[in-house]
Amino acid sequence: MDHKIALLGFGGVAQGFLNIIKEKNEALQTQYGQSIEIVSISDVSKGALHHDNGLDLDKVLSSFQEDGTLHPYTDEPGLEKGWDAITTVKKTNAKCRRGAHSYRYRNRAACH
């Protein structure tokens with residue numbers, strides 16, 4: 001089963017999560033039949049990316065290392081850039097979860 005994830009914000013915690021998924025996704029698939037795809041990242045200062053089939057995590061990290069933003073991520077068919085957080089939530093059918101509480105309180109319209 002694939003779990004598609006949208007990250008709202010791309011600070012230290014989200015970057016750490018992305019690295020863990022990059023390192024452990026194959027083991028999740030092998031051991032549990034589960035995989036995680038990061039399909040969206042939306043950060044007000046670093047930029048935003050979305051791809052229905054999942055983002056290339058190596059490209060995300062190298063783009064971020066290049067200049068501290070997601071803007072250098074190279075265009076490809078199906079890639080969307082520049083969505084704000086509310087657009088990301090609406091277009092990806094994302095659900096607010098308990099872990100998203102800090103975002104939810106600042107932007108209730110995106111979660112309700």
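Me: What makes Gly68 count as partly exposed?

Reply: Its relative accessibility is 31%. The scale calls a residue buried under 20% relative accessible area, exposed over 50%, and partly exposed in between (1.4 Å probe, protein chains only). The value for Gly68 falls in between, so partly exposed is the label. This is a predicted model, where local features need pLDDT of at least 70, side-chain atom pairs count only at pLDDT 80 or more, and totals for chains, interfaces and linings use all residues. Residues are numbered from 1 along each chain as its sequence is written, and side-chain values use heavy atoms, with hydrogens and water left out.

Me: Where is Gly68, and which residues does Gly68 touch, not counting residues up to four places away in sequence?

Reply: Gly68 sits in the loop between helix 2 and strand 4. Helices here are DSSP runs of H or I with at least four residues, strands are runs of E with at least two, and both are numbered from the N terminus. With residues up to four places away set aside, Gly68 touches Lys46 and Ser63, where contact means heavy atoms within 4.5 Å. Gly68 and Lys46 are 22 residues apart along the chain, and their C-alpha atoms are separated by 6.9 Å.

Me: What makes Lys46 and Asp43 a salt bridge?

Reply: A salt bridge needs a side-chain nitrogen of Lys or Arg within 4 Å of a carboxyl oxygen of Asp or Glu. Lys46 and Asp43 come in at 3.9 Å, N to O, so the pair qualifies. Both partners are buried: Lys46 has a relative accessible area of 18%, and Asp43 has 12%.

Me: How many salt bridges does the structure hold, and which other pairs can you name?

Reply: There are four, among them Glu76 with Lys59 at 2.6 Å, N to O. That pair links distant parts of the chain, since Glu76 is in the loop between helix 2 (57–67) and strand 4 (80–81) and Lys59 is in helix 2, 17 residues apart. Glu76 is partly exposed, with a relative accessible area of 28%. Another of them joins Asp75 and Lys81, with the closest N and O atoms 3.5 Å apart. Asp75 counts as exposed at 63% relative accessibility, whereas Lys81 is partly exposed at 35%. As background, side chains of opposite charge can pair when their charged atoms come close.

Me: What makes a set of residues a nonpolar core, and which residues touch the most other members of the largest one here?

Reply: The set must be buried Ala, Val, Leu, Ile, Met, Phe, Trp, Tyr and Cys residues, joined through side-chain atoms within 4.5 Å. The largest here has 17 residues, and Phe10, Leu18, Ile41, Leu49, Leu55 and Val60 touch the most other members. Helix 1 (12–32), strand 2 (35–43) and helix 2 each supply at least two residues, with helix 2 giving the most, four. Leu18, for one, is in contact with Phe10, Ile41, Leu57, Val60 and Leu61, leaving aside neighbours within four places in sequence.

Me: How do helix 1 and helix 2 pack?

Reply: Their axes are 10 Å apart, at an angle of about 145°. Axes are lines fitted to C-alpha atoms, for helices over the stretch in contact, and angles run from 0 to 180 degrees between N-to-C directions. The contact is made by Gln15, Leu18, Asn19, Ile21 and Lys22 of helix 1 and Leu57, Asp58, Val60, Leu61 and Phe64 of helix 2.
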